[in-house]
Amino acid sequence: MRTRNTQTMKTFLWQPPGGVVGLSIVLTALLCSCEQVIGVDLNQAAPQVVIEGIVTDQPGPYSVTLTKSGNYFEQSLYFPPVTNALVVLSDDIGDRDTLKEGIPGTYQSSSVLRGMPGRTYALKVETGGKGYDAFSTMPQKVAIDSLFAVPRRGSSSEPGYDIYLLFKDPPELGNYYRVNVHVSDPLVAMDSIDGRRYRLYSDKLTNGNEALYRVRARRTVVPGDTITVDLLSLDKATYEYYRTLNDILTSDRSPTSLSPANPNTNLSSGSLGYFTAYAIDTKKIVLR
Amino acid sequence: MLLKRLIYYFARCLRSIASMKSLPVFLSPPLSDQPLAFTLRPSLQGAERNAPLQAMLVLLILLALLVPDRGMGEDKYSLNGTIKSAENGEILIGAYVIVKELKGVGSSSNAYGFYSLTIPEGRYTLLVQYLGYRILADTVLVNRSQTINFELTPEAIKVGEVVVSGERSDANVTSTQMSESKLEMREVRSIPVLLGERDILKTIQLLPGVKSAGEGNTGFYARGGGVDQNLILLDEAPVYNPSHALGYLSVFNADAVKDVKLITGGIPAEYGGRLSSVLDIRTNDGNMKEFGASGGVGLIATRLTLQGPIVADEGSYLVSARRTYADMFLKLSSDTLINRTSLYFYDLNAKANYKLGEKDRIFLSGYFGRDNFNYPDVIGFNWGNAAATARWNHIFGEQFFANTTLTFSDYTYANTVGAATNQYEITSGIKDFNLKADFQYFIGSHNSVKFGMNAIYHTFFPGAVTAGPTSFTNTIALENKQALENALYASHEFEIIPDIAINYGLRLSSFSLLGPAHLYTYDSYGDIESAAAYPSGKFITTYTSLEPRFAATALLNESSSIKASYNRTAQYLHLLSNSTTTNPSDLWVPSTNNIKPQYADQVALGYFRNFEDNAFEASLEVYYKSMQNLIDYRNGADLQLNPNVESLLLFGKGWSYGAEFLLRKKVGPLTGWIGYTLSQTREQFDEINQGQVFPARQDRTHDVSVVVVYDLNSTWNLSAVWVYNTGNAVTFPAGNYWIDRRLVPYYTERNAYRMPAYHRLDLSATWKLGEKSSLNFSVYNAYNRMNAYAIYFRQMKSDPTKTEAVQITLFPFIPSVTYNFAF
């Protein structure tokens with residue numbers, strides 16, 4: 001009974017087009033591939049300002065983080081913060097908030113500004129004699145209709161659960177989504193279930209339809225765990241940023257793939273990072 | 001309907017050519033600014049619009065007729081005919097007929113084996129020769145124009161036998177064509193390749209000026225041009241995607257191929273439509289004498305060819321098929337998903353030709369190939385080319401050869417996603433109807449004219465989604481586009497003064513995007529600025545290009561010459577791909593209001609010298625090529641199913657220059673070549689790399705290939721290939737940063753780094769098991785060089801705060817064995 005159910009779910013799977021990369025991996029796997037560590041000398045770019053600013057439809061404070069980029073081969077968990085910058089958030093109804101620096105490099109809003117779907121937000125940053133700005137319009141919130149989990153079956157798949165979410169795309173073309181999955185277990189970092197990959201969807205092929213999406217849980221989760229799923233309604237620029245960022249993070253490393261480049265950002269002055277305003281709908285499910 | 005249009009168009013062209021004799025046309029005003037897209041509308045005043053072309057052709061023919069032929073004044077007669085193999089009746093392409101008594105007088109057979117010579121009355125010895133065949137000497141009394149057909153007997157090479165020939169071909173020195181390479185099929189059969197599957201496209205990558213698009217890949221770059229800038233013709237039909245298995249094997253089944261010619265510079269006027277090279281592949285016509293079967297069993301594919309006469313010496317047929325069988329092993333799996341998985345490709349070549357009397361011959365040929373990959377209930381791919389060609393050769397009088405070709409070709413790609421209740425299919429493709437007429441007029445010795453026309457009706461299918469009835473995916477179809485690509489050309493080759501010959505020509509090409517269509521204009525951010533709709537049949541945008549072609553040869557002495565060439569080429573079709581080599585999902589798009597045609601200008605200069613009685617050929621060529629309107633993409637361009645795909649394109653320029661050295665031995669038990677290329681290729685796009693010039697990915701400073709084929713004795717044939725090249729230009733990060741809890745590489749300069757140098761040795765030995773069958777043993781990467789296929793970066797396991805570079809090697813030492821047979 002349950003097995004049949006799983007099969008039905010599988011057939012409902014929606015996958016983004018462009019599986020040629022997958023085919024390429026299969027073919028490459030058929031041939032032997034060997035790896036070895038080699039020495040590569042890389043030039044070191046001058047440190048760049050990296051901006052990450054997020055406004056949501058949830059109550060604030062909203063924060064903007066400023067850091068600097070570092071040396072490629074000397075990665076650390078700590079990147080130098082950009083302190084004493086002027087960071088201003090404003091919206092299209094005349095609210096304006098100069099953010100206060102809390103922990104170095106993190107600037108937080110007060111209650112002046114409230115994230116609301118349909119409004120356009122502007123970010124302005126001044127530091128090191130340079131100005132950066134960006135705009136983002138928060139889309140209307142799309143709600144998750146239902147959420148369920150199905151234990152994974154089959155000899156070739158790893159154990160765990162497949163999480164499915166069902167939601168209805170609005171009739172107009174041009175809706176973009178990101179899905180985040182968290183596990184309640186406090187020992188598991190918030191996004192470890194996600195890995196580095198982004199779960200991004202556009203309504204290019206499914207406009208106006210109610211569709212079922214599978215978000216495969218990579219980590220083994222056990223009965224009793226609570227799974228939280230966030231459906232983020234993104235504007236186009238944010239979707240493009242995440243999509244091109246995801247391209248870099250998941251590149252198939254093939255020499256025939258196009259030259260990598262920095263993600264498409266909505267920030268002016270060609271700085272790194274992005275500014276976004278999105279709406280979040282959250283649902284939880286307890287695994288049985 | 002379409003056919004009717006084409007026939008109408010063709011009739012118009014023929015009429016315009018026929019009316020060239022009228023001088024008033026010649027005097028009509030030169031180059032009007034009217035587009036060349038003239039002939040599909042019956043109401044147009046075609047004659048006037050054709051004026052520049054007619055003028056051009058008339059001028060050429062007048063010139064040709066006016067050029068003094070040596071020995072003028074005497075009565076002259078024409079000899080013509082066909083040169084074939086006595087063994088199987090196959091036409092020999094590029095065979096030579098030399099008049100022993102008249103120094104420097106001769107002719108070579110064209111792609112249909114036809115030759116024509118004009119000489120004074122007298123008794124002569126004609127020497128007919130073709131590489132690998134015994135020289136035929138025939139004494140003829142010339143007192144009238146006549147047809148003489150020749151049949152040459154293959155030369156059985158015996159070890160120790162010294163073939164003495166004072167008349168060996170020196171065409172590489174004397175012809176006006178430079179930057180041309182011909183592959184000997186004997187060499188192609190011996191040269192070791194990956195997994196023993198012999199492959200023309202991999203073999204041409206061993207020639208100077210030609211570079212592989214990636215390890216084991218059939219895509220190639222010619223003199224710095226892109227993989228989409230090569231005009232690949234299979235029996236005159238353009239092939240849009242020449243690869244199987246994601247580029248690891250080419251679609252050309254070597255068993256069916258007779259002649260391969262690659263031109264990378266001084267491209268003659270009869271070829272057009274691509275910027276960088278012409279790869280002209282001719283397949284066997286089929287044995288005219290007797291039925292034969294041949295084939296091979298290799299590690300990945302099995303091949304079978306059947307051929308024979310329809311009526312002996314009148315007509316023949318050939319059917320050649322190939323299929324891979326890696327997926328057969330998947331069936332052995334107990335996993336129901338795996339044993340239902342399919343992964344294979346096949347090719348089918350079929351040909352027939354028939355002689356309709358002495359003056360006419362028709363050829364029908366077809367190609368059909370498909371790749372299939374299907375992972376049940378998840379994803380499936382099916383893609384391939386189909387082509388059908390009908391050709392008609394006609395000989396007018398003794399000196400005038402005509403070939404008319406009608407081709408249908410099509411490339412389709414289908415990707416099936418999901419299964420049962422939510423299945424949908426994504427398709428895209430291109431379809432062509434192509435009508436071509438080529439005329440060759442042999443005026444005299446070293447004096448000939450070629451002219452012709454070409455009309456192609458393209459239909460582009462940029463993408464459609466077909467959803468199953470219960471699917472929640474929408475059925476979407478992007479608008480198809482239609483275009484008409486036309487060309488008229490003429491060229492004239494003659495000897496101006498003894499030892500100096502030139503070939504000058506002009507190709508006038510045009511490209512019109514036809515309605516119905518919706519066109520958009522985009523601002524500098526790629527957002528739609530304006531939109532317009534055009535009705536069916538409307539000529540929306542028309543580009544017209546004049547492409548001059550010029551080549552000259554000056555003989556320094558018996559065995560050396562200097563050659564020079566210039567050509568301009570235009571390309572109206574563009575390949576959009578999320579990869580730098582050919583991919584199944586490749587999208588061909590037409591030139592539109594947003595996409596301008598690509599142009600290239602190339603000059604080349606070469607010194608050619610033969611040694612040891614033409615046994616060794618040596619050449620040194622230098623070239624400079626500049627390219628305009630090259631295409632690159634905005635970052636993260638999503639090319640699939642995008643109605644605004646043109647907004648994602650960036651346009652820039654490129655240039656390539658270099659020197660190519662080749663030393664080649666074509667006769668005797670030991671043959672092969674050494675090629676070396678020193679070159680540089682640069683590109684510049686305003687939106688890429690801050691507008692700074694950057695090295696193209698295919699920029700490889702040094703490129704060496706050594707090919708040796710040796711007939712050890714009557715049972716063993718040995719061969720070896722060694723290649724070396726500078727690594728590709730590649731983009732690496734120059735820093736990193738955290739964003740959204742992810743560590744992200746930071747990129748600054750495009751292609752600022754190099755992959756490590758690449759080198760490899762392949763060996764092959766063929767053991768002949770009697771007359772008809774053989775076993776081939778080969779080793780790819782004999783000294784197991786760990787070449788870098790790709791380099792990626794990862795966190796070190798011992799210290800996750802540090803990053804290390806990891807190199808992936810794709811093909812280590814790989815042995816293979818293939819069994820070939822014939823009966």
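Q: Which residue in strand 3 of chain A does Gly53(A) stand opposite?
A: In this predicted model, Gly53(A) stands opposite Val64(A), a residue of strand 3 of chain A.

Q: What makes strand 2 of chain A and strand 3 (residues 63-68) of chain A a pair?
A: Two strands pair if at least two bridges are found between them. A hairpin of six residues connects strand 2 of chain A to strand 3 of chain A.

Q: How do you know that strand 2 of chain A also pairs with strand 16 (residues 272-286) of chain A, and in which sense?
A: Seven bridges link strand 2 and strand 16 of chain A, in the parallel sense. The requirement is at least two bridges, and therefore these strands count as a pair. One of the bridges sets Glu52(A) against Tyr274(A) in strand 16 of chain A.

Q: Why is strand 2 (residues 49-56) of chain A called mostly covered?
A: A residue is buried when its relative accessible area is under 20%. Seven of the eight residues of strand 2 of chain A are buried, so the strand is described as mostly covered.

Q: Why do strand 5 (96-98) and strand 9 (130-137) of chain A stand at the edges of their sheet?
A: The open sheet has four strands in the order 5-4-8-9 (chain A), with antiparallel pairing. Strand 5 and strand 9 of chain A each have a single partner strand, so one side of each lacks a neighbour in the sheet. On average, neighbouring strands of this sheet are turned by 15 degrees against each other, direction ignored.

Q: What makes strand 8 (residues 120-127) of chain A a partner of strand 9 of chain A?
A: Eight bridges join strand 8 of chain A to strand 9 of chain A, and the two run antiparallel. Pairing needs at least two bridges, so the two strands qualify. Lys124(A) has Asp133(A), in strand 9 of chain A, as its bridge partner.

Q: Is Leu246(B) buried or exposed, and how do you know?
A: Its relative accessible area is 10%. Buried means under 20%, so Leu246(B) is buried. Leu246(B) lies in the loop between strand 14 (243-244) and strand 15 (249-250) of chain B. The C-alpha atoms of Leu246(B) and Asn583(B) are 5.9 Å apart, although 337 residues separate them along the chain.

Conventions. Residues are numbered from 1 along each chain as its sequence is written. Chains are lettered from A and ligands numbered from 1 in the order in which they are written. This is a predicted model: local features need pLDDT of at least 70, side-chain atom pairs count only at pLDDT 80 or more; totals for chains, interfaces and linings use all residues. Side-chain values use heavy atoms; hydrogens and water are left out. Buried means under 20% relative accessible area, exposed over 50%, partly exposed in between (1.4 Å probe, protein chains only). Axes are lines fitted to C-alpha atoms, for helices over the stretch in contact, and angles run from 0 to 180 degrees between N-to-C directions.
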